[in-house]
Amino acid sequence: MVLILITADLRYNSLQTTRSALDTLGTPVFWFADLPLRIREWGQEHVQSRTQLLEENERLSRENLVLQGRSQQMAALQAENVRLRALLNSTAMLRDDVLVAELVGISPDPVRHRLVLNKGGLDGVFIGQPLIDADGLMGQIVEISPTSSRALLITDATHSIPVQVNRNGVRAIAEGTGSLGALEIRHVSATTDIEIGDLLETSGLGGRFPGGYPVAVVTSIERDPGQMFAHVVARPSAALDRSRHVLLVFATQEVGSPPPTGAADNTETPDAPDIIDTTEDR
């Protein structure tokens, strides 16, 4: 009988309906039998995906931190590049030889304005050498060692420098006040032709500073009818509290020649105070 049914099904496909019904009834059985494997695969897939997401999130966090650090460094490098370009542009207008130096220390005393530079006697630096930035005169070298030097800023209370008004050539003496933002112009007659906004530049008198370097801009003038001299205050042209790279000017001697003797014009050079090291870790 079975043989007859099989033969009939093979030849006439007479049991197709029966097979379909049995397949329909057996589908839930097969589905439930395969359910544990499906659950295991689903669990592995989701656990692995979560682990990968956590790892990727951690990696992206590290990369973001690195990029943020680099962006900060890039901002600093960009600012330094701007300053160096300004120095480069300033050297194009100079007729004197110059040496680029970097500030590596400052004086902790707020009224004694001294800097430590990374250039010294081995580089040809000498006592009294003018120090400038991209905007004007900063000061002069007062101490040297083989590999470093100390500079006195023009705003130090012990410093003075001969200047002249760029507009008309009137001569005067600019003295430091102990404030980075102000110079006092001494012994200016109340009738002298000097105005707010006048540019003061080195006069070249005294043989210490070459003539023609910007020193300061007049910001205030007080004339008292009962006084012989006017009280004149000027703002330094150089960025005394911001410049990191400076120029040492070789105008009075060649590099490598013996340094001149003597102190700066009208300048006392007291013992140097302790210096705060500002060198960045490399």
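Which residues touch the most other members of the largest nonpolar core? In this predicted model, local features need pLDDT of at least 70 and side-chain atom pairs count only at pLDDT 80 or more, while totals for chains, interfaces and linings use all residues. Residues are numbered from 1 along each chain as its sequence is written, and side-chain values use heavy atoms, with hydrogens and water left out.

**Nonpolar core**
- L117, L131, M138, I185, V215 and L248 touch the most other members among the 40 residues of the largest nonpolar core, a core being a set of buried Ala, Val, Leu, Ile, Met, Phe, Trp, Tyr and Cys residues joined through side-chain atoms within 4.5 Å.
- Strand β12 supplies the largest share of this core, five residues, where strands are DSSP runs of E with at least two residues, numbered from the N terminus.
- Leaving aside neighbours within four places in sequence, L117 has contacts (heavy atoms within 4.5 Å) that include L131, I141, V246 and L248.

**Aromatic pair**
- The structure holds one aromatic pair, formed by F126 and F250, which is tilted at 6.1 Å centre to centre with 55° between the planes; rings of Phe, Tyr and Trp (its six-membered ring) pair if their centres lie within 6.5 Å, and planes under 30 degrees apart count as stacked, over 60 as edge-to-face and the rest as tilted.
- The pair links distant parts of the chain, 124 residues apart, with F126 in the loop between β2 and β3 (130-132) and F250 in strand β12 (residues 245-250).
- F126 is buried, with a relative accessible area of 1%, and F250 is buried at 6%, buried meaning under 20% relative accessible area (1.4 Å probe, protein chains only).

Methods: Helix = DSSP H or I, 4+ residues; strand = E, 2+ residues; numbered from the N terminus. Buried < 20%, exposed > 50% of the residue type's maximum accessible area, 1.4 Å probe, protein only.
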